[in-house]
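Colleague: Before we discuss this model, could you put the sequence and the structure side by side, so that we can go through them together?

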Amino acid sequence: ICEWCGNEDENSSGDINGDGTVTVADVLYLLRHTILPSRYPLHVGNADYDGSGSVDVRDAVRLLQYID
């Protein structure tokens, strides 16, 4: 597990980088993961923001809408 993966916790949905807050930094990490998943690992439970069962750019868009 890496230091930027976040914690797989039902209360941390959207907190992808594990810093305790949901910010644009989480969106950026999620987008990086979609391009280079092996370099930017994450817990699907935190990153599947739209609840579709997979992690993709749609999760980043939904998360960004939440932040805005």
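Modeller: Let me begin with a definition: patches are made of residues with over 30% relative accessible area and no salt bridge, with nonpolar side chains (Val, Leu, Ile, Met, Phe, Trp, Tyr) joined within 5 Å and like charges within 9 Å. Accessible areas come from the Shrake-Rupley method with a 1.4 Å probe, and for residues only the protein chains shown count as cover. This is a predicted model, in which local features need pLDDT of at least 70 and side-chain atom pairs count only at pLDDT 80 or more, while totals for chains, interfaces and linings use all residues. Residues are numbered from 1 along each chain as its sequence is written, and side-chain values use heavy atoms, with hydrogens and water left out.

Colleague: In what order do the elements of the protein chain run from the N terminus on?

Modeller: Helices (H or I, at least four residues) and strands (E, at least two) are DSSP runs, numbered from the N terminus. The protein chain has 3 helices and 0 strands, and the order of its elements is α-α-α.

Colleague: Which element gives the most to the nonpolar patch?

Modeller: The patch on the surface consists of Val24, Leu28, Leu64, Tyr66 and Ile67, which together have about 440 Å² of accessible area. Two or more of these residues come from each of α1 (24-35) and α3 (57-67). With 3 residues, the element that gives the most is α3.

Colleague: Is Val24 buried, partly exposed or exposed?

Modeller: Val24 has its place in helix α1. Buried means under 20% relative accessible area and exposed over 50%, with partly exposed in between (1.4 Å probe, protein chains only). Because its relative accessibility is 46%, Val24 counts as partly exposed.

Colleague: With which residues is Ser13 in contact, leaving aside its neighbours within four places in sequence?

Modeller: Ser13 lies in the segment before α1, and at 34% relative accessibility it counts as partly exposed. Contact means heavy atoms within 4.5 Å. With those neighbours left aside, the contacts of Ser13 are Val22, Asn46 and Tyr49.

Colleague: How far apart in space are Ser13 and Asp50, C-alpha to C-alpha?

Modeller: In sequence, Ser13 and Asp50 are 37 residues apart. In space, their C-alpha to C-alpha separation is 10.0 Å.

Colleague: With which residue does Asp56 form a salt bridge?

Modeller: A salt bridge is a side-chain nitrogen of Lys or Arg within 4 Å of a carboxyl oxygen of Asp or Glu, and by this rule the count comes to 1. Asp56 counts as buried because its relative accessibility is 16%. With the closest N and O atoms 2.6 Å apart, the partner of Asp56 is Arg58.
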